[in-house]
Amino acid sequence: MSAATARESPLNTLTWNDVQPILPAWDPVPAGPLAPQPNTARIGPQTFQSLAEALPHLKACDQLDIGPGTYQTSLIIDPDFVRIVGHGEVVLERAAAKDKGLMLIRGNGVEVRNLECRHVSVRDGNGACIRLEGTGLLLDHVYFHDSQQGLLTGGKPGLVHIRNSRFERLGKAGRAHAIYMGGGRLLIENSLFLASKDQGHEIKTRASATTIARSVIASLTGNDSRLIDASNGGTLLIENSLLEQGPQTVNSTAIGFGLEGGAANRTDHRLTLKHNLIILERAGSNRFLHLGDQPVSLDISANTFIAREPTGYDDGNLRFESRDAAGMASYPALPYESFLDLASRGALRGAEP
């Protein structure tokens, strides 16, 4: 495809407003009979009239229940094994603790459930919905969007488990991303990573082991960089997922593996991709996989590619030259339900807030 043809491609004319209605919209878990009243918070039996009032009372192993409402309150979580649970539509926005993130989590073993976070920015461009400085984190049914960064961790975050969640329109200047793992281990299940912006990756991970299962990682209209960048190599497993490199993607490579200096410090690099649908429709050149200089054990099999040109990994996989040849609806359609666990589908549909 020539540069002129790429610029004139109808795929480039669509905006996020055109694309968003085809996606499953976010749907928070409804508030039940035991939910706190709107704009209040509860720890155990004690109710507080604001989220800010509740935070100093939080102790190890407590559960912080947040009532429906929109809160412009930053959270610093120091105690270990805390559960933060939103009830109904709980939106956290436009705040940052210590110029780092809306939620600065310094405790270990923290869980965050059923929260929306948006419009977070800080001066250095790394404003995150969650800045993790502790060890061990579970994100279950969260919606992080339209901020500089969704999740940013330190170098030793332990295991970060993300499930039934959605990360959308995140990134800043190629240095902030939907998620940025500084180390540890990363497990992603039944989640969507959509339309990273300003040359951010959908997933940047320095984890020793990264597993992505039953998830959708798609550029759509984003001017993102790579879909997945496993900067220091390690073990990367992607299975039963949908990857789409969109027409406005800035980087020609969909997946980068071991391209930064830390890769040399690891000796056992493994990359496994199985049973995925991989759509490469960047306007211009497309490169499925860019490997670093370290030896890598590869198992790339039983995938379906939609790509104009050979991927270099066509053997053992199925490739169609176009969506039409594969019998698939035209851009920007995504058969997302085929790649999300049945149990999580209902949690990802509903009215957009």
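Which strand gives the most to the lining of the largest cavity?

1. **What you are looking at.** This is a predicted model, in which local features need pLDDT of at least 70, side-chain atom pairs count only at pLDDT 80 or more, and totals for chains, interfaces and linings use all residues. Residues are numbered from 1 along each chain as its sequence is written, and side-chain values use heavy atoms, with hydrogens and water left out.

2. **Confidence.** The predictor's confidence in each residue is given as pLDDT, on a scale from 0 to 100. The protein chain has an average pLDDT of 93, and 94% of the residues score at least 70. Please read two stretches with care. Over residues 1–7 pLDDT stays under 50, and the model has eight contacts (heavy atoms within 4.5 Å) beyond four places in sequence for them. Residues 349–353 also stay under 50, with 19 contacts beyond four places in sequence.

3. **The cavity.** To answer the opening question, S9 gives the most, with three residues. Strands (E, at least two residues) and helices (H or I, at least four) are DSSP runs, numbered from the N terminus.

4. **The disulfide.** One disulfide (a pair of cysteine sulfur atoms within 2.5 Å) turns up in a search of the whole structure. Cysteine 117 and cysteine 129 form this link, S to S 2.3 Å. The pair joins distant parts of the chain, twelve residues apart: cysteine 117 sits in strand S9 (residues 110–118) and cysteine 129 in strand S10 (residues 128–132). The link is left-handed, with -95 degrees about the S-S bond.

5. **Buried or exposed?** Buried means under 20% relative accessible area, exposed over 50%, and partly exposed in between (1.4 Å probe, protein chains only). Cysteine 117 and cysteine 129 are both buried. Cysteine 61, by contrast, is exposed because its relative accessible area is 58%.

6. **Serine 196.** Look for serine 196 in the loop between strand S17 (192–194) and strand S18 (203–205). Serine 196 is buried, as its relative accessible area is 1%. Beyond its neighbours within four places in sequence, serine 196 touches several residues, including His201, Glu202 and Asp224. Alanine 218 is 22 residues from serine 196 in sequence and 8.5 Å from it in space, C-alpha to C-alpha.

7. **Backbone points to check.** Most residues other than glycine have a negative phi, and most peptide bonds are trans. Phenylalanine 81, not a glycine, has a positive phi of about 55 degrees, and lies in the loop between strand S5 (75–77) and strand S6 (83–86). Arginine 169 has a positive phi near 55 degrees too. The peptide bond from tyrosine 331 to proline 332 is cis, with omega near 10 degrees; proline 332 is in the loop between strand S30 (318–320) and helix H4 (342–345).
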